[in-house]
Amino acid sequence: MPVVPLTAHTFQRRLLSWFDAHGRKHLPWQQHKTPYRVWISEIMLQQTQVGTVIPYFQHFIQRFPDVLSLAKAPLDDVLHLWAGLGYYSRARNLHQAAVMIAEQYQGRFPDTKDTLQTLPGIGRSTAGAILALAFEQPGIILDGNVKRVLARLHGLTQPINDKTTEQTLWALAENYTPVIRAADYTQAMMDLGATVCTRSKPACLTCPFLKNCTAYHHHLTACIPQKRPAKKIPTQEATFLILKRGRHVLLCKRPTQGIWGGLYCLPEIAGLADSHTVIQYCQQQFKLLVSEPKALNSFRHTFSHYHLQIHPIMVQTKKAPTKLMESTQQIWYNLSKPLAIGLPKPIQTILEALR
DNA sequence: GAGCCGTGGGT
DNA sequence: TACCCAAGGCT
C-alpha cells in the first residue's frame, strides 16, 4: 500500500479542518491577541514548554502590558519576572528590542520580516511566527514541531540538524504555508506537532495525514527526527558563599556575558573551598571578618552544557554595611523584604530555605 | 559554524 | 540515574 501523495492545497485544507476541530484556542497569548503579546509568548516559548511558560506569561503581561511599559522598565525588573525561566539573554534582548521599538518605531510594532529580524532575539522562525500569528501574513516557521511533522511526513531520515536537511525543511515549510488563514495554519502546525505528532508515542491513528506519512508507512516514526550524537557534558564544582549579616545576605551581580548574565548570585569560589579559604576570601574581597564557616548540603544543578556541583557554605559577620560596599554590583539582600531582581533558580532555592 | 545559553518534564 | 530535548538565536 503506497503512500498517498499530497498537494500543498490539500495539506492546508485538511490541516485547517483538523485545527478547527482539535486545535488549541485557549492559550493565554491567543486571547486579546496583539503583536506585543504574540512576541512575548514566542520569545518565552523558545526552547521552553507551554506549561512552563503560562504562569510566567501571565505575570509578565500583568507587569508589562505593552511595549512602552517594557521599554521604560529597569532591566532588573524584567530579569526579576524572567527569573527561573532560563536563557536570560532572551529577557535582555526583549528589553533592548522594546527600547528600539519605542525609539525607532514610535512604539509601533514592526510588521515586516526583515525589520522584525533586526530586533535582538528574533530570528528567522520567530519572525515568521510573529508575521503569521499577529499580522495574518504568510510568515514561515520552522520550529521543533514543524521540523518533526515535515521530516516524518516526507521520511527524512538524515540528522535533523544537518545543514542540507535544514534547507530541505525550510523549502518544504515554505511550500506548504498558505496565503490565507496564516495564523490558524501556523498554530495548527505547532498543535499537530505538540499533540499528535509528538516525539515519543505519536498518536498516528488520529493524524489527518496518516495515509500520506512516509515515516508511518515505512515504520520509521520512532527514528525520525534522528537524534544527534549525544555529547557528554562536563561537571564543574563551585563554592557558593552565604554571607549573612542578620537578616541580610550578600549578593553580587553577574557580568552580562556568560551564565546567569545580569542576575544576582551568591559570591562564588571556583572548586570546593575549605574553611580557611572562605575566611580569607571574605577578608580580601569584602574586608569582612566572619565566623567559622558552616558547610551546607552540596547539590547539583544542570545547565544546557555542563553540570555544576554546588557547595553552599555559610558564614556570619557583624560588621555594618558601608556605603562603599553597597553598589549595583554588590548588595545586602534583605531576606524579609525581597528585592525585584533576577535570581537564578538554585539561588532562589537557597534563599528560600533561609527565610 | 560549533559552542554557548537554563530549566523542567518525560522516559 | 542519566539522558533527551522543548514554539531558537547569537557569536
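Reader: Which residue lies over the face of Trp170?

Author: This is a predicted model, and the answer rests on its computed coordinates. A charge is counted as over a ring if CZ of Arg is within 6 Å of the ring centre and within 35 degrees of the ring normal. At 3.7 Å from the ring centre of Trp170, the residue over the face is Arg124.

Reader: Over the ring of which residue does the charged end of Arg245 sit?

Author: The limit for the distance to the ring centre is again 6 Å. The charged end of Arg245 is 5.3 Å from the centre of the ring in question, which belongs to Trp332.

Reader: Are the rings of Phe11 and Phe209 stacked or edge-to-face?

Author: A pair of aromatic rings is described by the distance of the centres and the angle of the planes. By the rule that centres lie within 6.5 Å, the count comes to 12 aromatic pairs. For Phe11 and Phe209 the centres are 4.5 Å apart and the planes stand at 20°, so the pair is stacked.

Reader: How many residues apart in sequence are the parts that the pair of Phe11 and Phe209 ties together?

Author: Both Phe11 and Phe209 are buried. Phe11 belongs to helix H1 (residues 8-22), whereas Phe209 lies in the loop between helix H11 (182-195) and helix H12 (214-217), so the parts tied together are apart in sequence by 198 residues.

Reader: Is the pair of Phe60 and Trp82 stacked or edge-to-face?

Author: Planes under 30 degrees apart count as stacked and those over 60 as edge-to-face. The ring centres of Phe60 and Trp82 are 6.1 Å apart and the planes are at 85°, so the pair is edge-to-face. This pair links helix H3 (residues 50-63), which holds Phe60, with helix H5 (residues 75-82), which holds Trp82. Phe60 and Trp82 are buried, and the geometry of their pair is edge-to-face.

Reader: What is the relative accessible area of Asp191?

Author: Asp191 is found in helix H11. Leaving aside neighbours within four places in sequence, Asp191 is in contact with Trp18, Phe19, Gly23, Arg24 and Val196. Buried means under 20% relative accessible area, and Asp191 is buried with a value of 0%.

Reader: How many residues surround DNA strand C?

Author: The closest are Leu45, Thr126, Asp143, Asn145 and Ala230. By class, the residues of this surface divide into eight nonpolar, nine polar and seven charged. The number of residues surrounding DNA strand C is 24.

Reader: Which residue has a side-chain N or O atom 2.6 Å from a phosphate oxygen of DNA strand C?

Author: Sugar and phosphate account for 65% of the atoms of DNA strand C that come within 4 Å of the protein. Polar backbone atoms lie 2.8 Å from a phosphate oxygen in the case of Gly121 and 2.9 Å in the case of Gly123. The side-chain atom at 2.6 Å belongs to Thr126.

Reader: How many of the 10 residues of H9 are buried?

Author: At the start of H9, a side-chain oxygen of Asp143 comes within 3.2 Å of the backbone nitrogen of Asn145. The cover over the buried residues of H9 includes H1, helix H10 (163-176), H11 and H12. Among the buried residues are Asn145, Lys147 and Arg152. H9 is mostly covered, and its buried residues number nine.

Technical notes: Residues are numbered from 1 along each chain as its sequence is written. Chains are lettered from A and ligands numbered from 1 in the order in which they are written. This is a predicted model: local features need pLDDT of at least 70, side-chain atom pairs count only at pLDDT 80 or more; totals for chains, interfaces and linings use all residues. Side-chain values use heavy atoms; hydrogens and water are left out. Rings of Phe, Tyr and Trp (its six-membered ring) pair if their centres lie within 6.5 Å; planes under 30 degrees apart count as stacked, over 60 as edge-to-face and the rest as tilted. Helices (H or I, at least four residues) and strands (E, at least two) are DSSP runs, numbered from the N terminus. Buried means under 20% relative accessible area, exposed over 50%, partly exposed in between (1.4 Å probe, protein chains only). Contact means heavy atoms within 4.5 Å. A residue is near a molecule or strand if one of its heavy atoms lies within 4 Å of it. A polar contact is a pair of N or O atoms within 3.5 Å; within protein, one must be able to donate a hydrogen and the other to accept it, and residues adjacent in sequence count only if both atoms are side-chain atoms. Ala, Val, Leu, Ile, Met, Phe, Trp, Tyr, Cys and Pro count as nonpolar, Asp, Glu, Lys and Arg as charged, and the others, Gly among them, as polar.
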